[in-house]
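Look at the fold as a whole, then follow it strand by strand and loop by loop.

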Amino acid sequence: MEVIYLNGQQLNINEPICTALGFFDGLHIGHMALIKEVIKEADEMGYKKALMTFDHHPLYILGVMKEEQYLTTMDDRIRILEEMGLDYLFVIEFTKEVAALKPLDFIQKYIISQNVKHVVCGFDFKFGDKNSGNSQTLKDCHEFKTSVIDEVMFHNQKISSTRIRDILQKGNINEINHLLGREYCISGKVIKGRQIGKTIGFPTANVDYNAYFLPCGGVYATKVYLDDEVFIGMCNIGYNPTFVALDKPSLEVFILDFNRNIYGCDLHVEFYHLIRKEQTFSSKDELVKQLYNDQEYVRAYFKT
């Protein structure tokens, strides 16, 4: 798959393209309905398969969102879309100037000029100045065909990235993984922490989670990917309140049956189950006792 960043230039792509439009944070099963439609239409018409998104959340660029917190990074999205067999990922470099484009100007600049012949969007897709463009605006353009995908429901509620964040804050990983169609994953480099785990017999890999949206504080049963190797682990998210509390939450994973120096390595941590929420222990010994229990829970969980 070729990743192309768009800053207003016209590309020399001769093949006709079918693309989905949206921000696609999470690439949950609602988003997958759009991508499956792209694949179906492109295969029928002989078009190239693509997805068109933005490099930053529009609300962050417009100052509505104070910080960027994502369910999937751009690297995550690239990996998932490559596995699905897409040909292109178009990434619009989102600015206030892009946000201010009239809908027809946006269409000309980013759709018609890129030889897009079929657009797939969600029923609630909005774009252009003050969100004045919508799916009907796209359907009114005759230079390309537009398919509009209805909302995808789970338990009588629309599946959305906002809903997934709300559930993550409650720690309901089983429901999250159903809505995503895969396990929730956080990737990052192993960095140095306070090394408290090493002093109590549970050395952890401290992962730089960058702009990922964290699940609620607690201990989780996880799988850990290091290059081509897979391990089981227990991941702690939180402020380490039993000791001197941190200023911001950390993500630390204790990899079972593992003893290597992996500072600077990239880890992918997949979340399977919340074992317990974060708590303060009365002593170090009480914490260690609980960690042994957590470790046995993880072993039993992945045997089932």
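**A walk through the fold**

Strand β11 (residues 184–191) runs antiparallel to β16, and 6 bridges join the two. Two strands count as paired if DSSP finds at least two bridges between them. Within this pairing, Lys 189 has Asp 266 of β16 as its bridge partner.

This is a predicted model, in which local features need pLDDT of at least 70 and side-chain atom pairs count only at pLDDT 80 or more, while totals for chains, interfaces and linings use all residues. Residues are numbered from 1 along each chain as its sequence is written, and side-chain values use heavy atoms, with hydrogens and water left out.

Stay with β16. Strand β13 (residues 218–226) also pairs with β16 in the antiparallel sense, over 9 bridges. There, Val 224 stands opposite Val 269. Buried means under 20% relative accessible area, exposed means over 50%, and partly exposed lies in between, with a 1.4 Å probe and protein chains only. In a regular strand, side chains alternate between the two faces of the sheet.

Asp 227 sits in the loop between β13 and β14 (229–238). Its phi is positive, about 55 degrees, although Asp 227 is not a glycine. Asp 227 is exposed, at 68% relative accessible area.

Phe 24 also has a positive phi without being a glycine, at about 60 degrees. Phe 24 lies in the loop between β2 and α1. With 3% relative accessibility, Phe 24 is buried.

Strands β2 and β3 (residues 48–54) pair in the parallel sense, over 5 bridges. Leu 21 stands opposite Met 52 of β3. Strand β3 is mostly covered, with 6 of its 7 residues buried.

Phe 125 lies in the loop between β5 (116–122) and β6. Which residues does Phe 125 contact, leaving aside its neighbours within four places in sequence? They are Leu 21, Gly 22, Gly 133, Asn 134, Ser 135 and Leu 138. Contact means heavy atoms within 4.5 Å. Phe 125 is buried, with a relative accessible area of 10%. Its C-alpha atom is 9.6 Å from that of Gln 136, 11 residues apart along the chain.

Next, move to Asp 129. Asp 129 is in the loop between β6 (126–127) and β7 (133–134). Is Asp 129 buried or exposed? Asp 129 is buried, at 18% relative accessible area. Setting aside neighbours within four places in sequence, Asp 129 contacts Ala 99, Ala 100, Leu 101, Lys 102 and Pro 103.

Now take a helix. Helix α7 (residues 161–168) is largely enclosed by the rest of the structure, because 6 of its 8 residues are buried. Those residues are Ser 161, Arg 163, Ile 164, Arg 165, Ile 167 and Leu 168. Their cover includes α1 (29–45), β9 (153–154), β10 (157–158), α8 (173–180) and β11. An α-helix has 3.6 residues a turn, so residues three or four places apart point the same way.

Step back to the whole chain. The chain holds 10 helices and 16 strands. Its C-alpha trace spans about 70 × 40 × 40 Å along the principal axes. Of the 304 residues, 51% are buried. Among contacts with a separation of 6 or more, 73% join residues 24 or more positions apart.

Finally, turn to the cysteines. How many disulfides does the structure hold? The structure holds 0 disulfides, where a disulfide is a pair of cysteine sulfur atoms within 2.5 Å. The sulfur of Cys 121 has its closest cysteine sulfur in Cys 18, 11 Å away, so the two are too far apart for a bond. Cys 121 is buried, at 0% relative accessibility. Cys 265 is in no disulfide either; its nearest cysteine sulfur, that of Cys 185, is 16 Å away. Cys 265 is partly exposed, with a relative accessible area of 27%.

Technical notes. Helices (H or I, at least four residues) and strands (E, at least two) are DSSP runs, numbered from the N terminus.
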